[in-house]
Amino acid sequence: MSFNELGLSEPLLKAISDSGYTEPTAIQAEAIGPVLSGKDLMASAQTGTGKTAAFTLPLLEKLSRLDNPGNHPRVLIITPTRELAAQIEASAHTYGKYLTLQSLAVFGGVKIGPQIKKLRQGIDILVATPGRLLDLSQQGAVNLKNIDVLVLDEADRMLDMGFIPDIKRIQKLLPDTKQTLMFSATYSAEIRRLAHDYLSNPVEVSVTPKNAAAHTVEQVLHPVDKRRKSELLQHLVKSNGWSQALVFSKTKHGANKLTRDLVRIGVRASAIHGNKSQAQRTKALEDFKRGKVEILVATDIASRGIDISELPMVINFDLPHVPEDYVHRIGRTGRAGTTGNAISLVCADESKQLRDIERVISKPLERVEIEGFEPDHVLPLSSTSHDQSGNRSGNRSGYSRGNSSRGNGSNGNSRNRPRRNRNSSSNSRTNRQASA
Ligand code: AMP
């Protein structure tokens, strides 16, 4: 399948080619046709599959075919986070660069005035977070009566974040007849219910098996005592010289503390979470993309929409409470065909979360102890049926060797002796639990 066969016109094909895409991803191949033909769509696709282009491209095409698109938005894309809104708008801008359509992202945390001014100038594609969109509507700054297509992106996340009442309110502002596209990484019963309420005869597209983690991500777990997690992270970052890693922290406070710990040892680290202003978040993300920041510490919500091509490393400093968030988190790496690493630092307190995650991804995570950081509080064995071998010590591609077992007396000495072995992926594989 090539982009030429999907019914997109020359200005879009040119922009696609400029972006360096040679062929459509699976979701693009399956979704673009139905969206162009006006069908409702329920797509189960995690981030990293090319889903943004899967809806943006056909919507641009549809708008470009209108003789007179008018002054009010025709396409409304609702997303759970500011970052995602900004990212989708940027994609619309990139793919639509040979068209004359206007797009705008509106979200909270920044002044509303400039958004109102831009809306007045006429917008074809509006990307919005729910709260700000309702604010704008209440102020009479946006007329949603001309919306032809509504996109609900990351519907599962909107559900988790409690946005469904807002979505219901927004629905009431839209025309009854419109095309609706819904995207969700997970396909829970609640999402199905939502789809049932909002979609009519949708084409269903699923490009990843339910909740399966992207197979291009190598996943490993380092058992460690809670009190030594920060120290272990510092050790791993220093000894491997990681220059671009996204670290997930459960709390804003934890993210700040971890960032301070890293900065103290000379690592260029920055935190991104809900207590930071939009300007701070944008700057941290830009600095991270440009390599000025090596380690970006994020909470789950802030991490949504972080799209950095070929992000090599994701680290779960804390395991998430919702197991599907694990899949989202590691979906930040190994995107669109590249291979990434996902590392989890797991303490005994987190054994329940670990069990839930292993159930969702249907496999045990390989356990590798790091020499000098063997935990006093043992992490229970995986409960997944194939996992017989328990914790292991070993080395992994690109980072520290840990050949000790618990209590063998070889403590801490290796901590300050970084060891890099970029070509040892085959070694790491031999250390993997047979079934993982
Ligand atoms: P998304 O799933 O929309 O977040 O997209 C993930 C990444 O895939 C983005 O960096 C896109 O630029 C990239 N991408 C989207 N479509 C393609 C394609 N057809 N070929 C290669 N990369 C793509």
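How many aromatic pairs does a search of the whole structure find? In this predicted model, the search returns two aromatic pairs. The pair formed by Tyr21 and Tyr95 is edge-to-face, with 6.1 Å from centre to centre and 65° between the planes. Tyr21 is placed in the loop between helix H1 (10–18) and helix H2 (26–36), whereas Tyr95 belongs to helix H4 (residues 82–95), so that the pair ties together parts that are 74 residues apart in sequence. The two partners also have their own accessibility values: Tyr21, at 35% relative accessibility, counts as partly exposed, while Tyr95, with a relative accessible area of 6%, is buried. The other pair, between Phe55 and Phe183, is tilted, with 5.0 Å from centre to centre and 50° between the planes. Because Phe55 lies in helix H3 (residues 51–65) and Phe183 in strand E6 (residues 179–184), this pair ties together parts that are 128 residues apart in sequence. Both Phe55 and Phe183 are buried.

An N or O atom in the side chain of Tyr21 is 2.5 Å from an oxygen atom of the ligand, and an N or O atom in the side chain of Gln28 is 2.8 Å from a nitrogen atom of the ligand. At Gly50, by contrast, the backbone takes part, with one of its polar atoms 2.8 Å from an oxygen atom of the ligand. Of the 500 Å² of accessible area that the ligand has on its own, the protein covers 83%.

His273 is situated in the loop between strand E10 (269–272) and helix H12 (278–290), and its relative accessibility of 2% is under the 20% limit, so His273 counts as buried. The side chain of His273 makes a polar contact, at 2.9 Å, with the side chain of Asn256. Val142 is located in the loop between helix H6 (130–138) and strand E5 (149–152) and, at 10% relative accessibility, likewise counts as buried. Val142 and Ile123, which are 19 residues apart in sequence, are 9.7 Å apart in space from C-alpha to C-alpha. Helix H14 (residues 323–330) is mostly covered, with seven of its eight residues buried; among them are Asp325, His328 and Arg329, as well as Tyr326 and Val327.

Most residues other than glycine have a negative phi. Asn201, although not a glycine, has a positive phi of about 45°, and it is found in the loop between helix H9 (189–198) and strand E7 (203–206). With a relative accessibility of 72%, Asn201 counts as exposed. Ser362, also not a glycine, has a positive phi of about 55°. Its place is in the loop between helix H15 (351–360) and strand E14 (366–369), and at 54% relative accessibility Ser362 counts as exposed.

Technical notes: Residues numbered from 1 in each chain as written. Predicted model: local features only at pLDDT ≥ 70, side-chain atom pairs only at ≥ 80, totals over all residues. Heavy atoms only, no water. Polar contact = N/O pair within 3.5 Å; in protein donor to acceptor, adjacent residues only side chain to side chain. Areas by Shrake-Rupley, 256 points an atom, 1.4 Å probe, with all protein chains shown as cover. Phe/Tyr/Trp six-rings, centres within 6.5 Å; stacked < 30°, edge-to-face > 60°. Helix = DSSP H or I, 4+ residues; strand = E, 2+ residues; numbered from the N terminus. Buried < 20%, exposed > 50% of the residue type's maximum accessible area, 1.4 Å probe, protein only.
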